Amino acid sequence: MSAPAPYVGRFAPSPTGPLHAGSVVAALASWLDARAHRGRWLLRIEDLDPPREQPGAAASIVDTLGRLGLHPDGEIVVQSTRGSAYAEALGTLVARGLGYPCGCTRREIADSVLHAGGTRTRTRHGELRYPGTCRDGLAPGRTARAWRLRVPDGVVRFEDRRLGTQSQDIAAEIGDFVLKRADGLWAYQLAVVVDDTAQGVTDVVRGTDLLGSTGRQVVLARALGLPSPRWLHVPVVAGADGDKLSKQTGATAVDASRPLEVLGAAMRHLGLEPPADAPLDAWLADATARWAARRLRAS
């Protein structure tokens, strides 16, 4: 029996604004988990959606992480440079009969759902369930707008180290999801699966707001013949309105000139008492020991 692969974790922010309190929770949790397992921690900038990006945000994120003592191990990967890898993956899926072109607009998808007697029910990510209109080929006169994955029937299950067994019927709840968007941009689901494999990521630690994407990533990895990492989803930080704190809802940047204060707040959100004030390196070492003592072990 071969030995398990050395632990490799990652933090993968989108450059839509500076790091806020919710981002720091995800960054710290993934960093602590990597250090607790004596593994590597990588940083990937997920800049796949230019209309939503903020100039200078990527550099700001890297600077803030450094001031918080969260330094990546190795080169920072930038997704906008990875288009050829995503195109190769899409080609593989098409060759296997698992990727296909779709000519539908969002309005047409919504209308087809209504004509079938359903409602315009959206997934937790705000997407309409795709009814499979183009599964058997584009209608005469239609051209491809997007590319989709042919999702298999049945329930997908995966283990979360904190939440236990999770299950989702992707076909029934979401349908054939997008791999390449109608605007020519690569979809998050494809890019993250390809890049996690390329970077050798064994463990993904991120917020529960991305739990709903995990089933799709498991299905897509299987379709590509790639391994899935282990999963750990941590609680997200909510704003005053109870919704997830995000850059899109005006979350303010953290003050990295007070790193122990910022990191201590993140520790408390993760359910751990932060260490007493100390030099940053010593504080992080103590925080790592406290995380390890929780025994949320990867196996």
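Contact here means heavy atoms within 4.5 Å. With that settled, the helix pairs of this predicted model can be taken in turn.

Start with H8 and helix H9 (residues 280-293), whose axes lie 11 Å apart at an angle of about 10°. Angles under 35 degrees count as roughly parallel, and H8 and H9 are therefore roughly parallel to each other. On the H8 side, the meeting residues are Pro259, Leu260, Leu263, Gly264 and Met267, and H9 answers with Leu280, Trp283, Leu284, Ala287 and Arg290. Sorted by class, this contact of H8 with H9 comes out as 8 nonpolar, 1 polar and 1 charged residues.

Helix H1 (residues 21-36) also packs on H8 (residues 259-269), this time at an angle of about 80° and with the axes 9 Å apart. That makes H1 roughly perpendicular to H8. Here Val24, Val25, Leu28 and Leu32 of H1 meet Val262, Leu263, Ala266, Met267 and His269 of H8. The residues of the H1 contact with H8 split into 8 nonpolar, 1 polar and no charged.

Then there is the largest nonpolar core, which has 35 residues; Phe11, Leu28, Leu65, Leu70 and Trp291 touch the most other members. At least two residues each come from H1, strand S2 (40-45), helix H2 (57-67), strand S10 (230-234), H8 and H9. H1 gives the most to this core, with 10 residues. Leaving aside residues up to four places away in sequence, Leu65 touches Phe11, Leu19, Ala27, Trp41, Leu43 and Leu70. A second, separate core has 33 residues, including Leu90, Phe177, Leu179 and Ala191.

Terms used. Residues numbered from 1 in each chain as written. Predicted model: local features only at pLDDT ≥ 70, side-chain atom pairs only at ≥ 80, totals over all residues. Heavy atoms only, no water. Axes fitted to C-alpha atoms, helices over the stretch in contact; angles between N-to-C directions. Helix = DSSP H or I, 4+ residues; strand = E, 2+ residues; numbered from the N terminus. Parallel < 35°, antiparallel > 145°, perpendicular 65-115°, else oblique. Nonpolar A, V, L, I, M, F, W, Y, C, P; charged D, E, K, R; others polar. Core = buried A, V, L, I, M, F, W, Y, C linked by side-chain atoms within 4.5 Å. Buried < 20%, exposed > 50% of the residue type's maximum accessible area, 1.4 Å probe, protein only.
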